[in-house]
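Colleague: Please take me closely through one part of this model. I would like to know what surrounds it and how it is held in the fold.

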Amino acid sequence: MTLANLDTVANIKPIARDRLTLVEPEYQSIQQLPIGQVGTIVEIYPGESPRYLVEFADLQGREYAMAVLQPTEVLALHYDLSLAS
């Protein structure tokens, strides 16, 4: 599956602290981003194996972390059911 900018994804592997850019001060103490956090792809780095810059935000829409992830580390989330015709 090809992902695009602004696609909603969830991480399917924990993301270590040293791979995260933490934005909000209250999250500075986390050691990793646990599996299942929902984020948005905000940049795609093309290449043989593309990488995605994913922004993670809380329910108020405040960004708290960013990470560059491999395709094997994300799962695309869908809000609509696509029906084949």
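Modeller: Ile 15 touches Leu 20, Gln 32, Leu 33, Phe 56, Ala 67 and Leu 69, leaving out residues up to four places away in sequence. Contact here means heavy atoms within 4.5 Å. The model is predicted, so to speak of local features we need pLDDT of at least 70, and side-chain atom pairs count only at pLDDT 80 or more, while totals for chains, interfaces and linings use all residues. Numbering runs from 1 along each chain as its sequence is written, and side-chain values use heavy atoms, without hydrogens or water.

Ile 15 also belongs to the largest nonpolar core, which has 16 residues. A nonpolar core is a set of buried Ala, Val, Leu, Ile, Met, Phe, Trp, Tyr and Cys residues joined through side-chain atoms within 4.5 Å. Buried means under 20% relative accessible area, exposed over 50%, and partly exposed in between, with a 1.4 Å probe and protein chains only. Leu 3, Ile 15, Val 54, Phe 56 and Leu 69 have the most contacts inside this core. At least two of its residues come from each of β3, β6 (51-57), β7 (63-69) and β8. β7 gives the largest share, four residues.

Now strand β1, residues 8-11. Strands are DSSP runs (E, at least two residues), numbered from the N terminus. β1 sits in an open sheet of six strands, ordered β3-β7-β6-β5-β1-β8, with antiparallel pairing. Two strands pair if DSSP finds at least two bridges between them. The edges are β3 (20-22) and β8 (74-76), each pairing on one side only.

β1 pairs with β8 over three bridges. It also pairs with β5 (residues 38-45) over three bridges. Ala 10 has Leu 75 as its bridge partner in β8 and Val 38 in β5. Val 9 stands opposite Ala 76 in β8.

In a regular strand the side chains alternate between the two faces of the sheet. In β1, Thr 8 and Ala 10 point one way, Val 9 and Asn 11 the other, and all are buried.

Look closely at Asn 11. Its relative accessible area is 1%. Its side chain reaches the backbone nitrogen of Gln 37 at 2.8 Å. A polar atom of that side chain also lies 3.0 Å from the backbone oxygen of Lys 13. Beyond its neighbours within four places in sequence, Asn 11 is in contact with Leu 33, Pro 34, Ile 35, Gly 36, Gln 37, Phe 56 and Glu 73. Leu 33 and Phe 56 are contacts of both Ile 15 and Asn 11.

Conventions:
A polar contact is a pair of N or O atoms within 3.5 Å; within protein, one must be able to donate a hydrogen and the other to accept it, and residues adjacent in sequence count only if both atoms are side-chain atoms.
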